[in-house]
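Try each task before you read its solution.

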Amino acid sequence: MLNVTDLHIEIEDSFIPETVVHDFDITVSAGEIVGIVGESGSGKSMSALAIAGLLSRKDMKKRGSILFEGEELLTTPRSRLRQIQGDDIAVVFQEPMTSLNPVKKIGWQVEEALRIHSDLPDDELKKAAIRMLKDVELDDAENIYDKYPHELSGGMRQRVMIAAALICDPKLLIADEPTTALDVTIQAQIIELLKRINREKGTAILFISHDLSVIRSLCSRVVVMNKGRIVESGSVEEVFNNPKEEYTKHLIGSIPGFTKIAHVTQSENTDKILEVDNVSARYKKITGYFQIGSKQKLVVKNASFTMYKGEIMGLVGESGSGKTTLGKTILGMLDDTEGRIVHYSQRPQMIFQDPYGSLNPTKTIGWILEEPLRINTDYDKEKRSARAKEMLSLVGLDESYLSRKPNALSGGQRQRVCIALALMMDPKLIIADEPVSALDVTVQEQVINLLVKLNKELGISILFISHDLKVVYELCSRIIVMKDGVIVEQGTDKEIYDNPKDPYTKQLLLSAGYTD
Amino acid sequence: MDKLVFKIKKNPELYAGAVITAVMLLVILLGRLFVPYDPDAMNAADKFARPSLAHLMGCDNFGRDLYARLAAGGATTLFIALATVLIGVVFGIIVGAFTGYYGGALDEILMRFNDAVLAFPSILLALVVISIMGSGTFKVIISLGIVFIPSFARIVRSEFLRCKNLDYVRSARLMGAHDLRIMFVHILPNTFPVLLSSTVIGFNNAVLAEASMSFLGIGVQPPSSSLGRMLSDAQAFLFMSPGYAILTGVTIALIILGFSLLGDGLKKNA
């Protein structure tokens, strides 16, 4: 049905034209699910957007051929392309928060493609939209029809996006990282939904993801991309069980959750580093003029746990479970808290999730690293920069980075700088809030290895906050599971992964792909 | 060379604006330095003199050299605009930083006051201030400066609101940095890209506001020259000596054009 051969994509926008996709070939037969996998910047989204005809013809030069049902999409006139788009080929994007128009009602947005491609009257459109919403397992379809995007959760929005994409009954659905921005349990539900749609309607799906485990559970064939080229392709079993190329092996080896990196057991150390006793935290929601009225929301409820020296402890939960709030409470960053927190070490530090937001873009790396010393010590310039160099080399960056600004660094390099920054004041406890979830798998692995190295060599205790049970499995010796602000279970890695007691923990493990 | 062509193609406003502004500044500077006439010296013999080698742009109704007066007037206008914007930016940063960073009642009160000031046309407000303090170059600067504070305060405030919850600010707080350091060392530089383009646009508005006030006779007082003042004088001789009004008008227009293109270009770059 879809046959792409020898596709090259060149960006004309910059001064020197840059080829971002080379020799791209892919075939998708009717009713098939094919995956494209690769790290960010590998050209996978570019190729998919080219197939969907969504790349500007002016700025992006394309060579090769994209045959869809025998029609050449690269040369077909724009008017014909518009007929195909939305009707025969539909796209679901990654970000459910921005891919719906915030000022239009859900129903209107689901109907839009059908409104364009057919001349059905309004009541027929509405019927079709509601049927479609029910089809994507939104049970309250009549109600949702009249809602605005901001009234729905991320998972529901992604279902709406899928409904909007499928309303014209397309032959090919291009899904560009549709589950990446979602929690694990929701992720698993969306994957199930896509499988069902494929089975029942026979819609072919081109599924783009950086997440190999998702590709593995969904696709029959897979194409592995790196730096704009296809490095390997074949059936999923073939590629996963018997990868031929070095890059594919490397990629599969970086999937977290298979090997244990750190082996620190609790019994090795009984000196406490942190004690959290019956801690609650609430957020004030400010309402009304002059900020007088306020609502309170309890985000963490009566949390208690103890951390020991030299241990890496995992704090697991979905978004909104209060895990980040608990981390901030421990560091005293929130005002409205109750309970007792005892630190047995000086200056605990935090590493934030988003390596793009946690470094000041107007300062050099050197300036940023020296700032804590500037504030807290009377070190002179030389002493400060010596310490900065030392910490940079500890995280695996050389001193040439001192004079660079954050925007000249990749996500992984930035996260290394953030770790170096946390180390500047020689802390004994670091709270790491989702430090790798914004990174590619291979970079993720490097950063995790770095954290483990710091733990082993410097004896730093780490409270590792994450939604990703696979990553947590790799490096944590004890794990706390949070749900809706409450700690539902805590125990050693063995207890949690081999013998979970709480039903929520079981559900989390199941969605992460741990079966029994 | 090719690279320069590409850069210009990508942001033509910036380069066009920079060239026009540079030329205008150069013309004014040359006029101040090398024209051998006192801009205020009258000479009955040269009344309405046509452009010649002695008087490049001719003379006005009092026989004063027009180029010398344009250069002096342009300089006055630019100086007033610069001082005005400086007052607006400095106080705007202070008000915007504190209201944006701390929020709360202070923010509400100052911002409502801000809204009230913004609701009136700036000329009208400046008029009120002038009528209380009296006119003159220095007073024009003060009155326009006050009027310009709210718009900058608003811009700085919104940038502070955006930045204050970013992780690098949190991380600075975690290091133990005090509030003033966070506001002026960590956050402030992040507002510069936005602030720069609005400063240039504000500068433009200040040039226009000064010209209008002087045109109405409530700005710079004679015999000092300013572009607005000259335009007002020239309208009486529009038919007798059209060059007087045209040259003055073109000077104002080019200054405004140069700076507004520059502002647009900077906005594009930010």
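**Exercise 1. Compare the radius of gyration of chain A with the globule rule.**

Step 1: take the radius over C-alpha atoms, and the rule as 2.2 Å times the number of residues to the power 0.38. Step 2: for 516 residues, a compact globule would come near 24 Å, and chain A has 25 Å, which agrees. Step 3: look along the principal axes, where the C-alpha atoms of chain A fill a box of roughly 70 × 50 × 50 Å.

A note before you go on: this is a predicted model, where local features need pLDDT of at least 70 and side-chain atom pairs count only at pLDDT 80 or more, while totals for chains, interfaces and linings use all residues. Residues are numbered from 1 along each chain as its sequence is written, and chains are lettered from A and ligands numbered from 1 in the order in which they are written.

**Exercise 2. Find how the domains of chain A are placed.**

Step 1: the assignment, which is automatic or from a database, gives domain 1 (2-253) and domain 2 (256-348 + 431-439 + 462-516). Step 2: their centres, over C-alpha atoms, are separated by 35 Å. Step 3: six residues from domain 1 and eight residues from domain 2 form the contact, which counts residues whose C-beta atoms, placed from the backbone, lie within 7 Å.

**Exercise 3. Count the residues where chain B touches chain A.**

Step 1: chain B brings 18 residues and chain A brings 19 residues. Step 2: on the chain B side, α7(B) has the largest share, seven residues; helices are DSSP runs (H or I, at least four residues), numbered from the N terminus.

Conventions. Contact = placed C-beta atoms within 7 Å. Helix = DSSP H or I, 4+ residues; strand = E, 2+ residues; numbered from the N terminus.
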